[in-house]
4 protein chains.
Amino acid sequence: MNQKRIADYGIHIGELTRGPRNKITDVPGVRVGHCTIDTEDHKTGVTVLLPSLGNINTEKLPAAAFVLNGYGKSTGLMQIAELGVLETPLVLTNTLNVGLVSDALVEYMLQKSKKEGYELLSINPVVLECNDSYLNNIQQRMVSREHVFAAFDSASEDFAEGDTGAGKGMSCHQLKGGIGSASRILSIGGKEFTLGVLVQTNHGQLRDLTICGHAVGRKLAEKTGMDAGLDRGSVIVIFATDLPLSDRQLGRICRRAGVGLARLGSQLGHGSGEIAIGFSTANILHASSPSGFHDMRILNEEKLDRVFRAFSEAVEEAVLNSMITAVPVTGYKGHHRHSLQEFPEILSSLGQDTL
Amino acid sequence: MNQKRIADYGIHIGELTRGPRNKITDVPGVRVGHCTIDTEDHKTGVTVLLPSLGNINTEKLPAAAFVLNGYGKSTGLMQIAELGVLETPLVLTNTLNVGLVSDALVEYMLQKSKKEGYELLSINPVVLECNDSYLNNIQQRMVSREHVFAAFDSASEDFAEGDTGAGKGMSCHQLKGGIGSASRILSIGGKEFTLGVLVQTNHGQLRDLTICGHAVGRKLAEKTGMDAGLDRGSVIVIFATDLPLSDRQLGRICRRAGVGLARLGSQLGHGSGEIAIGFSTANILHASSPSGFHDMRILNEEKLDRVFRAFSEAVEEAVLNSMITAVPVTGYKGHHRHSLQEFPEILSSLGQDTL
Amino acid sequence: MNQKRIADYGIHIGELTRGPRNKITDVPGVRVGHCTIDTEDHKTGVTVLLPSLGNINTEKLPAAAFVLNGYGKSTGLMQIAELGVLETPLVLTNTLNVGLVSDALVEYMLQKSKKEGYELLSINPVVLECNDSYLNNIQQRMVSREHVFAAFDSASEDFAEGDTGAGKGMSCHQLKGGIGSASRILSIGGKEFTLGVLVQTNHGQLRDLTICGHAVGRKLAEKTGMDAGLDRGSVIVIFATDLPLSDRQLGRICRRAGVGLARLGSQLGHGSGEIAIGFSTANILHASSPSGFHDMRILNEEKLDRVFRAFSEAVEEAVLNSMITAVPVTGYKGHHRHSLQEFPEILSSLGQDTL
Amino acid sequence: MNQKRIADYGIHIGELTRGPRNKITDVPGVRVGHCTIDTEDHKTGVTVLLPSLGNINTEKLPAAAFVLNGYGKSTGLMQIAELGVLETPLVLTNTLNVGLVSDALVEYMLQKSKKEGYELLSINPVVLECNDSYLNNIQQRMVSREHVFAAFDSASEDFAEGDTGAGKGMSCHQLKGGIGSASRILSIGGKEFTLGVLVQTNHGQLRDLTICGHAVGRKLAEKTGMDAGLDRGSVIVIFATDLPLSDRQLGRICRRAGVGLARLGSQLGHGSGEIAIGFSTANILHASSPSGFHDMRILNEEKLDRVFRAFSEAVEEAVLNSMITAVPVTGYKGHHRHSLQEFPEILSSLGQDTL
């Protein structure tokens with residue numbers, strides 16, 4: 001992918017080292033795929049995230065989620081809270097398509113199980129969503145099973161950001177939002193680990209947007225004459241890591257998702273489904289363990305501070321990447337979203353604030 | 001309906017007065033409908049619960065849910081936790097059909113909104129499930145949108161219990177389970193209120209079944225030669241009341257769902273999605289209130305003890321009703337479930353234990 | 001101890017094997033101590049539980065808690081939820097003495113740290129309580145630091161049950177309650193493990209008391225002419241196990257504490273602080289791990305069903321032991337509690353119900 | 001009080017109107033008192049907050065709390081979660097004094113009840129804490145009952161901020177922290193309401209401190225040569241409002257406490273007890289209501305966005321006030337904390353960022 005990302009504008013978030021791709025796919029085994037629906041009235045789609053190269057249903061991964069704000073329709077979080085594992089890929093889409101996409105994910109898992117010859121009687125599909133009704137005629141629910149399967153077919157380590165897949169109809173701080181990603185490298189006990197973030201951004205008001213401490217949103221509001229409106233959006237924050245973390249530790253990270261968002265000016269609005277979900281690929285939980293036990297390695301709790309920082313930095317940068325890689329979009333009812341990339345002169349003056 | 005229920009066997013649960021129908025529809029406005037799928041291989045279906053006569057989307061009702069055990073796929077609980085209101089009917093079905101049924105419920109709400117002339121861009125479908133794969137070829141996912149609409153069409157105050165609707169493929173304590181209901185009357189401050197319960201029962205082991213303190217399950221296990229197996233089922237407990245309760249108070253009631261279940265011998269097994277959800281019809285929350293405020297009446301917290309008791313009693317009786325009204329069923333792969341109604345001689349000896 | 005316990009009356013709860021002492025101290029390393037205050041007006045005290053032979057502050061143990069009903073004043077649960085570990089002994093006392101006892105536990109830990117030569121700047125004292133104001137002049141708050149230290153001095157594997165220590169002023173189902181214990185053996189992967197329970201019982205109404213399915217409470221209510229009153233009590237359920245369980249798994253067990261209580265007739269009343277807390281001694285989390293990681297062994301989730309059953313059985317039996325070992329007590333304002341042991345003729349007729 | 005606050009340096013946080021005092025005591029009925037312990041080795045104390053002029057025990061107020069990070073020892077939150085009400089004043093102190101202060105608060109309530117002639121058998125003391133061991137010899141636990149009573153005696157609407165009361169030993173972003181406050185005015189339905197915040201700040205690393213988007217912390221770190229250290233602190237965020245909010249709504253506000261903190265650069269570190277707690281004075285819940293019901297007025301949920309913003313702004317400004325009003329302190333072991341007020345030249349250049 002040759003998209004110009006926020007770092008390419010000289011804007012560097014935080015102090016930790018980025019991974020080679022600076023995407024969630026820097027975590028080995030993780031792949032992301034999109035399928036985009038782009039007609040005059042429909043700006044929507046599907047994004048899938050495959051958490052590992054193995055069979056996620058029989059080789060489950062420790063996982064956790066946290067609901068920053070629950071005005072949303074994401075599914076599958078209850079079982080993750082109970083059992084602490086992920087057993088399907090993650091799928092992103094729009095609010096009114098969660099049911100169909102959830103059904104498609106079940107179908108995908110069933111077909112896989114038949115091909116691989118095991119019986120599957122219970123599946124916990126994890127489908128996350130934001131509401132794209134500003135740019136998309138959401139009531140017509142254009143996403144179907146085929147789109148989900150197409151997204152799976154396209155999954156790879158090198159994926160597009162911005163107005164693509166489930167990001168097609170997203171608005172972020174009243175500009176164009178979408179899919180964004182970033183990663184950070186952590187060195188612990190002499191070994192290197194990666195934490196990667198993927199976001200679907202659909203939250204925030206323009207006048208609140210702050211980049212590296214600069215009130216970019218207020219400036220743009222003056223420039224574009226855009227009015228305020230309500231913050232009716234959402235944001236989904238997914239992270240993956242190869243650090244050996246327990247489900248409780250993953251949950252503690254999830255609860256920090258607001259840090260990166262708030263640094264960019266989010267107020268975590270009322271009308272918003274803000275969900276964080278994360279998993280670790282370091283310990284595989286085989287559904288059947290002959291001994292009846294799993295042997296696991298878990299990070300010492302005291303080391304988490306640095307992981308929290310990696311997460312905050314990656315969330316902040318991923319949100320910016322989702323905005324800067326998106327092109328301006330005109331959609332349903334002629335609604336239009338400017339893109340941050342239309343204002344390079346503003347970005348060029350930012351960089352890290354040095355007082 | 002002329003089904004013979006547990007009280008008709010002289011078995012009386014608890015000390016509080018029953019409502020006239022002894023069903024959840026004793027709460028004014030509540031209606032229940034079924035659509036059953038009954039072929040050689042398919043024993044499944046849909047049950048819907050309409051919470052009020054009003055437009056539940058614009059006249060929301062205070063609601064709460066509690067996850068006793070989260071090994072389940074029910075959807076819509078997150079938003080209820082955040083906003084404390086119900087905004088759709090409740091739909092019950094099987095595990096692998098949650099997505100399609102959720103989509104059908106969205107469609108139902110959209111069609112309703114179009115008919116009534118308002119725009120609906122966000123819907124929180126509440127779909128609850130148990131796994132009927134013992135009697136039903138669940139992987140073929142036979143429930144479709146039409147079944148959901150048919151269930152809505154059939155909704156009334158006088159509904160069937162047992163192996164009907166979403167109860168068709170249920171097993172309870174390794175006997176036939178299904179849909180059951182019961183209600184209790186509460187007198188507070190000189191006024192009468194009703195609390196009604198509806199259950200979808202799919203939990204428990206035979207040898208643990210206890211009725212009025214009698215080890216009925218152990219007796220039946222000997223008699224039928226049924227072996228133990230694992231408790232892989234679930235149970236959904238829905239309650240409605242016209243008592244003015246806040247969402248927090250409704251949540252406190254939900255958390256007592258295990259009491260009635262445990263009295264019948266449930267161990268709240270690991271492999272089980274056990275969910276309680278309840279709502280109050282006493283305070284209607286209009287989406288738009290010109291003043292910006294709602295005036296509400298809420299029960300004094302000290303009065304809750306009696307409400308807890310009404311709930312426990314109704315849950316216990318509803319589970320027994322789900323079992324005693326169900327007929328024996330032979331389904332997928334020839335799997336068979338006996339019904340409690342095949343053993344009237346055992347029931348006749350029970351009644352309230354008097355030591 | 002030569003107390004006559006519920007099994008000595010021929011009453012056997014459940015189907016699993018008991019440990020040799022049938023107490024929580026069957027889990028290696030666990031010790032319990034009491035200090036009792038017994039004057040005309042004061043019936044109260046302190047019970048301590050030492051979770052291991054090691055230094056619990058530097059060799060922390062995985063732990064979890066669950067609030068069945070939060071009308072209580074127990075402390076220390078928040079940090080357990082966050083970090084998943086226990087770092088002090090557990091102390092039981094009465095409601096209005098939680099502050100002083102918490103302070104005494106801090107002092108105990110500080111003295112220990114000075115003796116052992118390490119600096120201790122943060123301590124999370126876990127103090128659990130029930131309200132003994134029916135038998136005890138609770139407002140005078142007679143428990144002091146000395147009582148806590150005396151309880152620690154007396155800690156051993158063979159401890160008394162009934163109206164002793166923090167159990168002195170307890171009422172259970174309006175009879176005399178107090179401290180009770182029981183244990184179960186689990187065989188997993190060819191190895192034997194123990195799960196032990198300790199309860200402080202102060203909950204329930206007489207007429208609801210059910211033993212082995214028999215309405216013992218109603219019978220006793222007629223016999224003694226005791227009236228109903230409100231259920232204003234509480235119950236604390238502590239469990240220990242040498243099974244290797246994660247904090248999440250321990251939490252799932254905690255959430256089943258209501259099963260054993262409900263089988264005895266509890267309604268989980270409103271005015272009640274009902275807390276379950278448990279820990280595993282199998283994995284020790286050293287505060288500092290040079291590598292930055294812990295190696296742990298964790299039970300396969302599918303094996304939990306049997307653990308849930310062991311827990312339910314032990315809770316049920318521990319509550320009965322707390323009642324049957326307690327002698328009748330007359331306390332503050334002449335308030336009196338009968339003991340279950342005054343009615344041996346009722347107990348002798350019970351045993352396991354065989355229909 | 002004539003302390004120079006952050007606004008006096010021309011630094012204005014947010015866009016909403018401040019209350020007349022710009023303190024939590026702008027909410028009618030709220031009063032705050034301090035008692036400070038200030039010796040060479042001891043820098044600690046007590047701060048109390050009286051939530052209303054009424055008897056908080058019999059005229060309870062809707063309340064909620066949220067644990068941002070649970071590595072802390074605050075007490076009383078469990079009952080607030082269950083019952084949704086506050087029934088004592090709030091007391092702030094240091095980590096190892098929570099037990100004694102909790103006991104003192106119980107004593108205070110008992111003495112009050114005796115004076116006013118009602119029986120008090122159960123009290124839920126709410127005591128919140130941060131760890132002042134950097135500046136204070138915390139192991140000697142110098143806070144006693146007398147300090148708590150003295151703080152109550154001093155309670156008034158016009159209270160000091162900074163290194164006073166429980167703020168004496170606090171560090172914030174490795175500078176001097178302490179007690180801070182701010183308020184915002186909200187106009188809803190033609191009526192004015194106030195939301196006020198009080199913080200006890202003891203969190204954050206210097207290099208992360210950001211004020212109005214400026215990397216003040218990095219600048220100061222260079223200037224002062226201070227090294228990083230770990231973020232082992234905590235922060236307590238209390239808010240009061242006369243807006244009629246339900247306990248659930250108050251909880252939603254609490255969950256936004258991280259927004260204001262993150263805007264100043266907090267990473268919500270691991271070793272930190274970060275608690276938010278809030279109450280509304282608009283609906284009084286009388287313990288006994290003859291009818292059995294309470295009549296309440298509750299804000300329409302859709303109006304909450306503006307309340308969230310008021311809260312975020314007030315939290316951010318209160319933290320800055322806690323820092324700028326504190327003087328530099330040298331305490332235990334000669335540990336020293338600079339104060340933000342030592343660097344007026346940096347502050348003067350900030351103001352609202354205008355790009």
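Biologist: Which residues is T47(A) in contact with, leaving aside its neighbours within four places in sequence?

Modeller: This is a predicted model, in which local features need pLDDT of at least 70, side-chain atom pairs count only at pLDDT 80 or more, and totals for chains, interfaces and linings use all residues, while side-chain values use heavy atoms, with hydrogens and water left out. Residues are numbered from 1 along each chain as its sequence is written, with chains lettered from A and ligands numbered from 1 in the order in which they are written. Contact means heavy atoms within 4.5 Å. On that rule T47(A) is in contact with V32(A), G33(A), H34(A), L90(A), V91(A), L92(A), T164(A), G165(A), A166(A), G167(A) and I179(A).

Biologist: Is T47(A) buried or exposed?

Modeller: T47(A) sits in strand β2 of chain A, residues 43-50; helices (H or I, at least four residues) and strands (E, at least two) are DSSP runs, numbered from the N terminus. The relative accessible area of T47(A) is 0%. Buried is under 20% relative accessible area, exposed over 50% and partly exposed in between (1.4 Å probe, protein chains only), so T47(A) is buried.

Biologist: Which backbone nitrogen does the side chain of T47(A) reach?

Modeller: A polar contact is a pair of N or O atoms within 3.5 Å; within protein, one must be able to donate a hydrogen and the other to accept it, and residues adjacent in sequence count only if both atoms are side-chain atoms. One such contact, of 2.8 Å, joins the side chains of T47(A) and H34(A). At 2.9 Å, the side chain of T47(A) also reaches the backbone nitrogen of A166(A).

Biologist: And in chain D, which backbone nitrogen does the side chain of S234(D) reach?

Modeller: S234(D) lies in strand β11, residues 234-241 of chain D, and counts as buried at 4% relative accessibility. Residues up to four places away in sequence aside, S234(D) touches several residues, among them E129(D), C130(D), H203(D) and S272(D). At 2.9 Å, the backbone nitrogen reached is that of G273(D).

Biologist: How much area do chain A and chain D bury between them?

Modeller: The contact takes 43 residues from chain A and 43 residues from chain D. Buried area is the accessible area (1.4 Å probe) that two parts lose on being put together, summed over both. With 39% of it on carbon and sulfur atoms, the value is about 3600 Å².

Biologist: How many salt bridges are there between chain A and chain D?

Modeller: A salt bridge is a side-chain nitrogen of Lys or Arg within 4 Å of a carboxyl oxygen of Asp or Glu. E15(A) and R207(D) meet in one, at 2.5 Å from N to O. The count between the two chains is 4.

Biologist: Which element gives the most to the side of chain A that touches chain D?

Modeller: Across this interface the rule finds 25 residue pairs in polar contact, both residues at pLDDT 80 or more. On the chain A side, β3 (59-70), α4 (216-224), α6 (257-263) and α7 (304-324) each supply at least two residues. With 5 residues, the element that gives the most is α7(A).

Biologist: Which residue of chain A comes closest to the rotation axis?

Modeller: Chain A can be laid on chain D with an RMSD of 0.0 Å by a turn of 180° and a shift of 0.0 Å along the axis. Copies are superposed by least squares on the C-alpha atoms of residues with pLDDT of at least 70 in both. At 1.7 Å (C-alpha), the closest residue of chain A is G213(A).
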